[in-house]
Amino acid sequence: MEIAETSLTAEDDKENGDPGSTLRAKPLRIGISTRALFDLEEEHRVFENYGVKSYAAMQLEREDVILRKGAGFEVVERLLALNDPGAAPYVEVILLSQNSPDLSLRAFKSIDHYGLIVKTGSFTSGRSLAPFVPAWGIDLFLSNADTDVKGAVDGGAAAARLGLAPKDRAETPQGEVRVAFDGDAVVFGPESDAIYKEQGLEAFLAHETANASNPMAGGPFGNFLHKLSALRRVFLNEGNVSKVRIALVTARNAPAHERVIRTLRAWGTPADEAHFVGSREKAPILKALGAHIFFDDQEKHVLGATAVVPAGHVPGPHDPAAPVIPAG
């Protein structure tokens, strides 16, 4: 995947003078399903058990009942809060739903209740959302449905399947948004993982050491990382601290860590935090850093993280029964 051709970089900032001008012209666009933004699990169970007519009747009956916040709500709320009132936005959020237009009223009433600035969306009456992801120019798509997530990936967007929101969340400072990523097969391409899987740990470590100065290829979230990094630059203060914090939480450890740092340096997308956890669980680290969302391609790590952070599963090449942990 070629990243620099379609992403916003520090060079764009230099050309425009204002680090935010390019981003205002090409805002970070988040597409999110209603079930990822709000807690619709009870309604979804009715749909699965009794069908669309019962689901529609339930939604109409509850049309004036405000929806509870879902797994994707907090990160969306915090990203939208970065926009300046009355100015072109840095971040746009588009609601994408397989509900019918008639059932859209409850979602937008809930959006208005919480004060979110979300004005646009598509309601498809059961039709797949995947074709509308490139139509809207979505950079990141969040959903609870595997089919729509995979369709969004095919359409060229970063996409992840969210689970349920954690019941207990640590308080983090207002005005910040903290996004955490796994490395291989998420931010970076899967090539190094493939070496580990096919040839073993020693071959993986030898390959990464020999190629420490060679930047890795971009993975499915490579372009999104560039766009998020542009947003991070907009909010950098004199102490080089931003309201947008980017963290890498990866199963790599030394000596395979060096290639990660040099790749991020070459891309111009430095991480505020990097955690090389080896074979340890990621959840305690994610809790400690107060991430507002975490993306990983291995279901084991996603399931482990969901107790402490909204976690998105990125479709990838790995068998869930055979997790890849390139650490030694």
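**Exercise 1. At what angle do helix α4 and helix α5 pack, and how far apart are their axes?**

Before we start: this is a predicted model, where local features need pLDDT of at least 70 and side-chain atom pairs count only at pLDDT 80 or more, while totals for chains, interfaces and linings use all residues. Residues are numbered from 1 along each chain as its sequence is written, and side-chain values use heavy atoms, with hydrogens and water left out.

Step 1. Find the helices: α4 covers residues 41–50 and α5 covers residues 52–61. Helices (H or I, at least four residues) and strands (E, at least two) are DSSP runs, numbered from the N terminus.

Step 2. Read off the geometry: the angle is about 150° and the axes are 7 Å apart. Axes here are lines fitted to C-alpha atoms, for helices over the stretch in contact, and angles run from 0 to 180 degrees between N-to-C directions.

Step 3. Angles under 35 degrees count as roughly parallel, over 145 as roughly antiparallel, 65 to 115 as roughly perpendicular and the rest as oblique. α4 and α5 are therefore roughly antiparallel.

Step 4. Look at who touches whom (contact means heavy atoms within 4.5 Å). From α4 come Glu42, Glu43, His44, Val46, Phe47 and Tyr50, and they meet Val52, Ser54, Tyr55, Met58 and Gln59 of α5. Sorted by class, this contact has 6 nonpolar, 3 polar and 2 charged residues. For the sorting, Ala, Val, Leu, Ile, Met, Phe, Trp, Tyr, Cys and Pro count as nonpolar, Asp, Glu, Lys and Arg as charged, and the others, Gly among them, as polar.

**Exercise 2. Work out how α10 and α11 pack.**

Step 1. Helix α10 (residues 191–199) meets helix α11 (residues 201–210) at about 150°, with axes 7 Å apart. That makes α10 roughly antiparallel to α11.

Step 2. On the α10 side you'll find Ser192, Ile195, Tyr196 and Gln199; on the α11 side, Leu201, Ala203, Phe204, His207 and Glu208.

**Exercise 3. In what order do the strands of the open sheet run, and which strands stand at the edges?**

Step 1. The 10 strands go β3-β2-β1-β4-β5-β10-β9-β6-β7-β8, with mixed pairing. Two strands pair if DSSP finds at least two bridges between them.

Step 2. The edges are β3 (120–123) and β8: each has a single partner strand, so one side of each is left without a neighbour in the sheet. From one strand to the next, the twist averages 25°.

Step 3. Check some pairs. β2 (residues 91–97) runs parallel to β3 over 4 bridges, with Leu96 opposite Ser122. β1 (residues 28–33) pairs with β4 in the parallel sense over 3 bridges, and there Gly31 has Phe141 as its bridge partner. β4 and β5 are also parallel, joined by 4 bridges, and Ser143 stands opposite Arg161.

Step 4. Zoom in on β4: Leu140 and Leu142 point one way, Phe141 and Ser143 the other, and all are buried. Buried means under 20% relative accessible area, exposed over 50%, partly exposed in between (1.4 Å probe, protein chains only).

**Exercise 4. How many salt bridges does a search of the whole structure find, and which parts do some of them link?**

Step 1. The search gives 17. A salt bridge is a side-chain nitrogen of Lys or Arg within 4 Å of a carboxyl oxygen of Asp or Glu.

Step 2. Take Arg161 and Asp146, whose closest N and O atoms are 2.8 Å apart. This pair links distant parts of the chain, 15 residues apart: Arg161 is in strand β5 (residues 158–162) and Asp146 in helix α9 (residues 146–154). Asp146 is partly exposed at 36%.

Step 3. Next, Arg232 and Asp272 sit at 3.0 Å, N to O. Arg232 belongs to helix α12 (residues 222–234) and Asp272 to the loop between α13 (257–267) and β8 (273–276), so the pair ties together parts 40 residues apart in sequence. Arg232 is buried, with 7% relative accessible area.

Step 4. Glu258 is partly exposed at 32%, and Arg262 is partly exposed at 34%.

Step 5. Finally, Asp184, Glu208, Arg252 and Arg259 are linked in a salt-bridge network.
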